[in-house]
Amino acid sequence: MIVINENNIEALLEKFFDGNTTNAEDRALEKFFCSGNNVPERYKCYCDMFGWYASGMDSKKLPSASSQPKHVFFRTKTARWWSSVAALIALAAAIAWLSTWQSHTDNTLLYADNYIVRDGHTITGMPEIKADIDASVMDGDCLEHEIDMGIRMLNDKLNEE
C-alpha cells in the first residue's frame, strides 16, 4: 500500500503528469485527493480532477475549468525556461574557453612544463626552448614521412610480385 504525504506528493504528481505512475500509485493518488482531509492547500486544486478519475471519468462529473491546476504548467514552463538559460550560459562558457585555448598559437600552454638539457644545464624558459621544440617536431614529421614512404615502397614491391 502506497502512503502519500507531503514528502512524496510532489514527486508522485510529477510522475503522474508524465504518465509514469503504476495503477497502485494512481489509486493511491485518487484515494488521497478524494479523502480531502490531509490535502495541503496548494494541492487542493487536484481534488476535483482525481475525484473525476475515481468516479470512472463520468462526463456528467467533469471538473470545471476553474478548478483545473494552473501552477503546474507555470512551474514546468518556468523550469524549461531556466534550464534553457542555464544551457545557453554553459554553451557560451564552453565557446569562450575553447576560443581562448585555441588563441594560444605559440603553444605556450602546451609546452609550459617542458624543459631541455643543453650542455648539462636544464633550460625551462619557453623562449629559450621553443626553437629546440620546433626542431624536434620537424624531425618527427620528417621521420613520419620517411616511414610512410618506406611502407608505400614495400607495398609496391609486394603488389608487383
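**Close-up 1. Asp132 and Arg118 form a salt bridge in this predicted model.** The closest N and O atoms of the two residues are 2.2 Å apart; a salt bridge here is a side-chain nitrogen of Lys or Arg within 4 Å of a carboxyl oxygen of Asp or Glu. Asp132 sits in helix 5 (residues 126-160) and Arg118 in strand 1 (residues 116-118), so the pair links distant parts of the chain, 14 residues apart. Helices (H or I, at least four residues) and strands (E, at least two) are DSSP runs, numbered from the N terminus. Asp132 is partly exposed at 28% relative accessibility, and Arg118 is partly exposed at 35%. For these classes, buried means under 20% relative accessible area, exposed over 50%, and partly exposed in between (1.4 Å probe, protein chains only).

**Close-up 2. Glu25 meets Lys15 in another salt bridge.** Here the closest N and O atoms are 2.9 Å apart. Glu25 counts as buried, at 11% relative accessibility, whereas Lys15 is partly exposed at 30%. A search of the whole structure finds 2 salt bridges.

**Close-up 3. Leu13 takes part in the largest nonpolar core.** A nonpolar core is a set of buried Ala, Val, Leu, Ile, Met, Phe, Trp, Tyr and Cys residues joined through side-chain atoms within 4.5 Å. Helix 1 (9-17), helix 2 (23-35) and helix 3 (47-54) each give two or more residues to the core. What does Leu13 touch, leaving aside residues up to four places away in sequence? Its partners are Leu29, Phe33, Tyr43, Tyr46 and Phe50, with contact meaning heavy atoms within 4.5 Å. Apart from this core lies another, of 5 residues, including Ile116, Met126, Ile129 and Ile133.

**Close-up 4. Leu88, Leu91 and Ile95 make a nonpolar surface patch.** The patch covers about 310 Å², an accessible area from the Shrake-Rupley method with a 1.4 Å probe. Patch residues have over 30% relative accessible area and no salt bridge, and nonpolar side chains are joined within 5 Å. Ile95 lies in helix 4 (residues 71-102) and is exposed, at 52% relative accessibility.

**Notes for all views.** Residues are numbered from 1 along each chain as its sequence is written, and side-chain values use heavy atoms, without hydrogens or water. In this predicted model, local features need pLDDT of at least 70 and side-chain atom pairs count only at pLDDT 80 or more, while totals for chains, interfaces and linings use all residues.

Technical notes. Patches are made of residues with over 30% relative accessible area and no salt bridge: like charges are joined within 9 Å, nonpolar side chains (Val, Leu, Ile, Met, Phe, Trp, Tyr) within 5 Å.
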